[in-house]
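Visitor: I am new to this structure and would like to learn how to read it. Could you walk me through some of its features?

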Amino acid sequence: MRTPSQTGWRARPDVSLLIITALLTVIGFLMILSASAPAAQVQLADSMFFFKKQVIWGALGIVALAVGMALPLDRIRSYSKPALLVTGVLMLSVHLPHVGMTVYGATRWIKLGPITLQPSELAKLALVLFVSDFLARHPERGWKLVREHRQILLPVAGTLGLVLFQPDLGTTLVCALVCYVLFWLNGTALWRMGLITVVGVTAVLAHSLTTPYQRLRWLAFMDPWKYPKDIGFQLIQSLLAIGSGGVFGTGWGQGKQKLFYLPIQHADFIFAVLAEELGLLGSVALIALFLLFAQRGFAIAKRSQNPFHQMLVIGLTTIICAQAFVNIGVVSAALPTTGIPLPFLSAGGTSLCITLFSVGIILNVSRQSQVRLRLLKQGESA
C-alpha cells in the first residue's frame with residue numbers, strides 16, 4: 001500500500017475553499033483600489049499606490065499559500081515553539097528605538113527599508129500552532145495546575161500580553177477567543193473554562209476602564225452622535241457610508257464617504273466603503289463568503305482523523321472568520337472600535353500573507369485527508 005507522502009500531490013485540495021479564498025482576495029484588491037485612489041492621488045500623486053502595493057503582497061501571499069500547502073504538516077508542527085518564541089522577540093523589538101514604528105498611537109510595526117511588518121499578525125498563526133500542538137499531545141483532562149501554567153498558560157498569556165501592550169486590544173481578544181475555543185474542544189473541564197472566562201472578562205474590563213483611549217472608544221460606541229467632531233467622527237462617517245449604499249449601492253468607485261470623510265478608508269473601515277458602493281446585496285454576499293469559508297474549514301477539520309490537524313484547522317478557520325465578523329461588527333457600530341483588519345480585504349501586506357499561508361495549511365490538511373481516505377478504500381478493496 002502506498003503511503004500518504006507517496007500520493008500527497010495527487011490529491012486535490014478543497015476546491016470550494018480555494019475558490020472562496022480567490023474571490024475574497026480579488027474583492028479585496030478591487031475595494032482597496034476604489035477606497036484608496038482619491039487619497040493616494042492627493043497625498044502621493046499616484047492613485048494606484050496602495051493598490052499596487054497590495055497586489056505585490058498578494059503575489060507573495062500566493063507563494064505563501066503554495067508553501068503552506070506543500071510543507072509536510074509534521075514539519076509545520078515542529079515549528080510551533082520556535083515560531084511562538086520568534087514572534088515574542090519580534091513583538092518586543094517593535095518597542096526598540098529606530099526599529100519599531102508608531103502609527104496613530106499604536107506601536108505594532110517593524111520598518112525594514114521599504115517593507116513594514118506587523119508581528120502581531122504572525123502571533124495569531126503562532127498561537128494557534130502552539131496551542132494545537134500542545135492540546136493534541138495532552139488529550140487528558142486532568143492536568144496538573146503547575147505543569148499547565150508552565151507549559152501552556154504562561155506562553156499564551158505572555159503572547160497575549162505583548163499584543164495588548166502594543167496596544168492592540170482587538171487582536172488580543174480574537175487570539176484569546178481562538179485559544180478558548182481550542183481549550184473547549186479539547187474537553188477542558190467546565191470549572192477551568194469558567195475560571196478562564198472570569199479571568200479574561202476581568203482583564204478586559206480592567207484594561208478598558210484604566211486606559212484613557214479605551215474609555216473614549218466605549219463612549220464613542222455608546223453614543224457616537226454626541227461626539228461628532230472628535231471621538232465619534234469615524235464611526236458616524238462609517239454609518240453614513242453604510243446607510244448611503246441602500247440595497248444596490250452607489251456603484252463601484254462611486255462612493256462619497258471615502259473622499260476624505262471616512263478616515264483610513266482602505267484599511268480597518270474598508271467594509272463601510274464596500275457597503276456604500278455595493279449596497280446591502282454586496283454586504284450580504286461578502287458575509288455569505290465568510291460563512292462559506294467557515295463551513296468549508298470546519299468540514300475539513302471534521303473529515304480529518306488527526307487531532308493536531310483538527311485543532312489546527314479549527315483554530316485557523318476560527319481566527320480568520322472571527323476577525324471578519326468582529327471587523328464588520330465594529331464598522332457597523334455593533335461592537336466598540338478595536339482596530340482589527342478585515343481579512344483578505346483590508347490593506348496590509350503582513351495580514352494578507354499570513355492569512356493566505358493559513359489557508360494553504362487548511363488546504364494541506366484537506367489534501368492529506370483525501371489521501372488517507374483513498375488509501376483506506378484501496379486497502380478495503382485489496
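This is a predicted model: local features need pLDDT of at least 70, side-chain atom pairs count only at pLDDT 80 or more; totals for chains, interfaces and linings use all residues.

Visitor: Which residues of H12 and H13 meet each other?

Guide: On the H12 side, they include Ile287, Phe290, Leu291, Phe293 and Ala294. On the H13 side, Thr317, Ile320, Cys321, Ala324 and Phe325 are among them. Sorted by class, this contact of H12 with H13 has 18 nonpolar, five polar and one charged residues.

Visitor: I see several phenylalanines there. How do I read a pair of aromatic rings?

Guide: The general idea is to give the distance of the centres and the angle of the planes. This structure holds five aromatic pairs. Take phenylalanine 290 and phenylalanine 325: their ring centres are 6.4 Å apart and their planes stand at 65°, so this pair is edge-to-face. The cut-off behind that name is an angle over 60 degrees.

Visitor: Where do phenylalanine 290 and phenylalanine 325 lie?

Guide: Phenylalanine 290 belongs to helix H12 (residues 270-303), while phenylalanine 325 belongs to helix H13 (residues 307-331), so the pair ties together parts that are 35 residues apart in sequence.

Visitor: What kind of pair do phenylalanine 290 and phenylalanine 344 form?

Guide: Their ring centres are 6.4 Å apart and their planes are at 35°, so the pair is called tilted. It links distant parts of the chain, with phenylalanine 290 in helix H12 and phenylalanine 344 in the loop between H13 and helix H14 (349-381), 54 residues apart. Both phenylalanine 290 and phenylalanine 344 are buried. Stepping back, ring pairs join Phe290, Phe293, Phe325 and Phe344 into a cluster.

Visitor: What can a backbone angle such as phi tell me?

Guide: Most residues other than glycine have a negative phi. Phenylalanine 344 is not a glycine, yet its phi is positive, about 75°. This residue sits in the loop between H13 and H14, and its relative accessible area of 2% makes it buried.

Visitor: Which value does phi take at alanine 45, and where is that residue?

Guide: Phi of alanine 45 is near 60°, again a positive value in a residue other than glycine. Alanine 45 is found in the loop between H2 and H3. With 60% relative accessibility, alanine 45 counts as exposed.

Visitor: How do H2 and H3 pack?

Guide: Helix H2 (residues 15-44) and helix H3 (residues 49-70) pack at about 155°, with 6 Å between their axes. That makes H2 roughly antiparallel to H3. Among the residues that meet are Phe29, Ile32 and Leu33 in H2, and Phe50, Phe51 and Val55 in H3. The contact of H2 with H3 divides into 11 nonpolar, four polar and no charged residues.

Visitor: What is phenylalanine 49 in contact with?

Guide: Leaving aside neighbours within four places in sequence, phenylalanine 49 is in contact with Ala40 and Leu44. Phenylalanine 49 itself is in helix H3 and is partly exposed, at a relative accessible area of 33%. Its C-alpha atom is separated by 9.9 Å from that of alanine 39, which is 10 residues away along the chain.

Visitor: At what angle do H9 and H10 pack?

Guide: Helix H9 (residues 190-210) and helix H10 (residues 212-222) pack at an angle of about 95°, with their axes 5 Å apart. H9 is therefore roughly perpendicular to H10. His207, Ser208, Leu209 and Thr210 in H9 meet residues of H10 including Pro212, Tyr213 and Trp218. By class, the contact of H9 with H10 has four nonpolar, four polar and one charged residues.

Notes:
Residues are numbered from 1 along each chain as its sequence is written. Side-chain values use heavy atoms; hydrogens and water are left out. Rings of Phe, Tyr and Trp (its six-membered ring) pair if their centres lie within 6.5 Å; planes under 30 degrees apart count as stacked, over 60 as edge-to-face and the rest as tilted. Helices (H or I, at least four residues) and strands (E, at least two) are DSSP runs, numbered from the N terminus. Buried means under 20% relative accessible area, exposed over 50%, partly exposed in between (1.4 Å probe, protein chains only). Contact means heavy atoms within 4.5 Å. Ala, Val, Leu, Ile, Met, Phe, Trp, Tyr, Cys and Pro count as nonpolar, Asp, Glu, Lys and Arg as charged, and the others, Gly among them, as polar. Axes are lines fitted to C-alpha atoms, for helices over the stretch in contact, and angles run from 0 to 180 degrees between N-to-C directions. Angles under 35 degrees count as roughly parallel, over 145 as roughly antiparallel, 65 to 115 as roughly perpendicular and the rest as oblique.
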